[in-house]
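Open the model in a viewer and keep the sequence panel beside it. The tour goes from backbone details to helix pairs and then to pockets.

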Amino acid sequence: MKRSCCPSLVRRVLVSVFGAAALACASLHAADAPKITPPKTILGFNIGDDYKMMNYTQISALWQKWATESNRMKLVNIGLTAEGRPQYMAIISSPANLAKLDHYRDIAKKLAMAEGLNDESARKLATEGKAVVWIDGGMHASESQHSQALSDFVHHMLTKTDVEMMRFLDDVILLAVNANPDGVEVVANWYMREEDDKAKTFVGLPRMYHKYIGHDNNRDFFMSSMPETTNINRVLYREWYPQIMVNHHQTGPEGQVVFIPPFRDPFNYNLDPMVVIGIERLGSAMHERLISEGKGGSSMRSGANYSTWWNGGGRTTPYFHNQIGILTEIIGAPTPTPLEFAPAKQLPKSDWPLPAKPQMWHYRQSMEYSLTMNRAIMDYASRNRENLLFNIYRMGANSIQRGSADNWTTTPKRIQAVVEAAAKLGEKVDLSVRGDMSPGGLSGSTVPMDLYEKVLQDPANRDPRGFIVPANQADFPTAVKFIHALQKNGVAIHKATAEFTVAGKKYPAGSYIVKTAQAYRPFVMDMFEPQDHPSDFAYPGGPPIPPYDTAGWTLLNQMGVTADRVYESFDGPFVKVETVLEPAPAAKITGVAKPAGYLISHKLNDSAIVTNRLLKAGAEVYWLKEEQTVDGVALGTGTIWVPASATALPILEKAAKDLGVGAIGVATKPVGESLKLKPIRIGLVDLYGGVMPSGWVRWLLEQYEFNFEMVYPQVLDAGDLKKSFDVIVFPSQTFAQGSRGGDMNRIMARLNKYVGMGMAGGGGGSYSPPADRVPEEFRSMLGTISQAKTVPPLKTFVEQGGTIVGLGSSAVMGDAMGLPVKNQLVEKNDNGEEVALPRTKYYIPGGILRAAIDNTNPVAYGMPKDGMIFFDNSPVFSLVPGSSVKTNAFVTFTEDKPLYSGWAVGEQYLKGGSVATEASLGNGKIVLLGLEATFRATTHGTFKLFFNSLYYGSATSTK
């Protein structure tokens with residue numbers, strides 16, 4: 001009788017055969033692999049050695065050397081940084097893949113855009129294509145580990161020849177990028193300046209690690225103001241379309257080594273749910289690999305406050321482009337630091353399944369964790385290559401389908417509408433039910449099914465099919481800048497070549513059209529529509545759980561741009577805009593042939609650039625008290641009047657051509673009162689180490705061509721300020737009630753306990769260290785702003801005719817300066833004393849609110865009467881009656897519920913309060929802009945409040 005072969009024997013034979021083939025393949029690859037220069041040969045130390053950190057110059061030298069030695073790597077410059085350095089990207093894959101990069105990039109694009117494909121054709125492309133993975137490091141440069149670990153991993157990818165590595169190289173194209181080259185240079189040079197290892201520290205970094213915005217370089221990704229952000233977004237959304245984007249950071253949660261997703265709720269309702277599941281799967285694979293190697297101390301979800309709600313960060317903006325975005329936060333620094341003993345973290349739970357032993361932690365240990373995490377990512381991408389490629393197509397196709405038909409986005413407000421509709425039927429809904437399956441456990445959690453159709457799919461609340469940005473709006477050049485932000489994020493834009501009509505409304509040629517039937521629909525919806533953040537409390541009646549970053553940010557409204565929603569399919573004489581960042585259309589100089597002067601609309605933000613150019617050239621510029629209207633078009637309160645001159649005309653002609661700011665020639669000078677402007681000398685306040693809002697304002701002043709210089713506390717305290725300045729600007733976070741810097745000094749002193757952690761510097765964490773620890777060149781930046789030493793010379797400055805502008809949180813300086821303002825957001829305690837409202841009653845993290853604006857006040861010239869402002873737990877004032885100081889509140893809350901986008905607890909407390917006040921003190925002015933008028937340079941809709949406040953105090957009244 002013939003016996004059948006034993007199945008186990010067959011398996012052993014197959015394993016032996018294929019294992020031998022794999023080993024032979026690995027040996028072949030190893031033989032072909034060129035010799036790569038070890039890092040130590042170039043650097044003089046190994047990556048991950050204690051007390052050693054590479055700067056970007058050294059990193060660039062490594063990558064450039066390796067690119068000449070390896071057939072696995074191609075090095076490209078994706079653009080210049082803010083300080084003019086090349087930003088390099090290493091493209092790593094097998095030699096065969098590198099020879100066909102254009103082909104695989106084309107496949108990635110076709111699948112990501114999902115246009116003209118069906119499931120069958122997408123499957124074919126997915127089978128043929130390669131997974132594309134982006135991994136970066138160095139974004140927050142004082143978080144030093146990931147900038148070093150990235151080069152360690154690049155070297156790893158170029159030198160390893162094991163079977164798994166060969167699979168990675170065959171299946172995956174890796175894009176490795178230094179996210180903040182300038183910062184890595186600055187931070188590494190600061191740390192390595194000391195020869196004595198024990199003296200090395202990141203603490204006391206004198207400037208931000210990004211030229212302008214420090215830590216906020218990871219808050220710029222939907223606006224793309226900075227060159228590095230623009231470079232990165234171009235690669236992610238317009239060139240390479242990776243399915244996975246990994247953004248490494250520091251530091252790990254207390255008592256843990258590293259945070260890795262999955263994230264906590266909430267996730268943004270615009271996201272495709274496949275993004276959320278993709279993050280869960282990849283994050284779990286990373287945890288699994290660490291644990292399988294005995295590397296404990298990884299946490300997820302409740303281990304940190306990170307969520308997937310906010311748009312604007314390096315790993316969050318990808319979600320709105322159907323990409324899986326991963327954030328890691330790891331401990332480690334070149335100076336050995338303790339992994340502290342946190343007893344609660346030693347008890348395993350699902351969010352930290354394998355606790356790590358407390359110990360002194362070395363840099364190399366973090367490098368090894370990073371290698372494991374990055375290999376887990378590459379392994380996931382390799383094993384799931386076809387699914388990743390197909391799924392990004394599927395999400396893009398879902399977006400196109402949702403934008404092509406009636407679709408509804410369920411938000412907390414819509415669920416509340418269901419509750420209210422059910423109440424009218426006598427049904428009480430318990431939204432706290434979480435799926436109790438015991439008998440009767442679901443009581444109160446369901447409502448009649450017809451409410452789904454009637455409420456959740458009410459035709460009046462369906463999503464728009466598209467948006468029209470009219471070319472005839474008051475400030476079209478700013479609308480063009482809004483379009484630029486969309487383009488930098490890869491959004492498909494169309495433009496009208498002729499006049500057209502949609503839904504009974506006529507639109508002029510040149511209007512922009514943004515349809516939602518496109519792969520990046522989640523990003524489009526997020527930029528045009530308000531965010532509705534869920535109420536998120538620690539427990540019923542407890543404090544709110546802060547969102548990660550802001551809760552509402554609708555860019556359309558932040559920028560003050562007008563757009564119309566369209567709810568049905570529409571078309572017209574539209575062409576796709578192929579030129580990215582085309583300028584605003586040229587305007588004209590119109591009116592009479594030989595004018596007495598020219599009128600310019602104050603509604604245009606870029607009129608500030610024109611004003612600055614005119615004043616610098618010696619031309620005259622006035623603000624007219626009475627709004628001017630020409631041919632039925634209102635030019636805004638404070639219409640700008642420029643008397644005709646040989647100096648003024650060429651400036652106006654160039655502005656019309658380059659900026660789209662037109663001017664109207666009139667035969668006679670307008671009658672009535674006006675304010676004559678003068679060139680102004682601006683002092684912009686900053687503190688040692690750099691303050692992010694100050695950096696943003698610095699960038700903004702440069703873009704709008706204002707003359708300014710940086711001012712530090714020692715100059716303020718010395719007095720005689722009017723000799724050098726006409727205006728002194730205190731950005732948010734530069735002035736606080738009491739002595740600025742005391743708390744920060746205590747915090748930083750505690751950080752000195754762990755001198756290598758490097759969490760200081762980079763913006764917003766500024767403090768004033770002892771002078772003997774600071775190089776001579778930076779000592780002029782030292783000092784703190786205090787009530788006792790700084791306020792008296794500031795008062796003298798104002799009384800002598802100077803202007804002080806307090807932005808955001810710094811608007812609290814009004815009380816210190818003796819203005820009749822008080823905090824609106826207070827209540828009386830049991831003793832009858834006024835105390836700040838507790839967070840359980842009042843809390844408004846970043847969001848957009850409606851406000852009433854008195855645009856007859858010169859600081860509000862050109863603004864609408866009803867506006868949108870960005871608000872981030874900002875100071876809100878009430879005026880104290882009976883004061884002799886003339887004070888005017890010109891941006892106030894008049895509604896019980898002013899929230900438009902975001903989340904608000906106790907918004908009714910705002911009613912009657914002011915977030916913008918100006919006062920006369922002696923011969924000068926104080927302007928308090930409590931709203932975030934310049935927040936991250938996204939709030940174009942309120943820039944005029946800031947620009948006007950700069951000119952106002954120095955202007956002279958004329959008739």
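Helices here are DSSP runs of H or I with at least four residues, strands are runs of E with at least two, and both are numbered from the N terminus. The model is a predicted one.

**Stop 1: backbone details**

Select Gln250 and Thr251. The peptide bond between them is cis, with omega at about 5 degrees. Thr251 sits in the loop that runs between strand 5 (244-249) and strand 6 (258-259).

Move on to Asp265 and Pro266, which are also joined by a cis peptide bond, with omega about 5 degrees. Pro266 is part of strand 7. Keep strand 7 (264-267) in mind, as it returns among the elements lining the largest pocket.

Next, select Tyr51. Its phi is near 65 degrees, a positive value in a residue that is not glycine. To place Tyr51, show helix 2 (39-43) and helix 3 (56-69): the residue is in the loop between them.

**Stop 2: helix 8 and helix 12**

Select residues 163-171 for helix 8 and 363-383 for helix 12; their axes come within 9 Å and cross at roughly 60 degrees.

Which residues make the contact? From helix 8, show Glu164, Met165, Arg167, Phe168 and Asp171; from helix 12, show Arg375, Met378, Asp379, Ser382 and Arg383. Coloured by class, the contact of helix 8 with helix 12 has six charged residues, three nonpolar and one polar.

**Stop 3: helix 11 and helix 13**

Now select 273-292, which is helix 11, and 385-404, which is helix 13. The two axes come within 10 Å and cross at roughly 155 degrees. That makes helix 11 roughly antiparallel to helix 13, since angles over 145 degrees are classed that way.

On the helix 11 side, display Pro273, Met274 and Val275; these meet Asn391, Arg394, Met395, Asn398 and Arg402 of helix 13. The residues of this contact comprise four nonpolar, two polar and two charged.

**Stop 4: the largest pocket**

Which element gives the most to the lining of the largest pocket? Helix 14 does, with six residues. By class, the lining of the largest pocket holds 23 nonpolar, 10 charged and seven polar residues.

**Stop 5: the second largest pocket**

Helix 21 has the largest share, with four residues. The lining of the second largest pocket divides into 18 polar, 16 nonpolar and eight charged residues.

Conventions. Residues are numbered from 1 along each chain as its sequence is written. This is a predicted model: local features need pLDDT of at least 70, side-chain atom pairs count only at pLDDT 80 or more; totals for chains, interfaces and linings use all residues. Side-chain values use heavy atoms; hydrogens and water are left out. Axes are lines fitted to C-alpha atoms, for helices over the stretch in contact, and angles run from 0 to 180 degrees between N-to-C directions. Angles under 35 degrees count as roughly parallel, over 145 as roughly antiparallel, 65 to 115 as roughly perpendicular and the rest as oblique. Contact means heavy atoms within 4.5 Å. Ala, Val, Leu, Ile, Met, Phe, Trp, Tyr, Cys and Pro count as nonpolar, Asp, Glu, Lys and Arg as charged, and the others, Gly among them, as polar.
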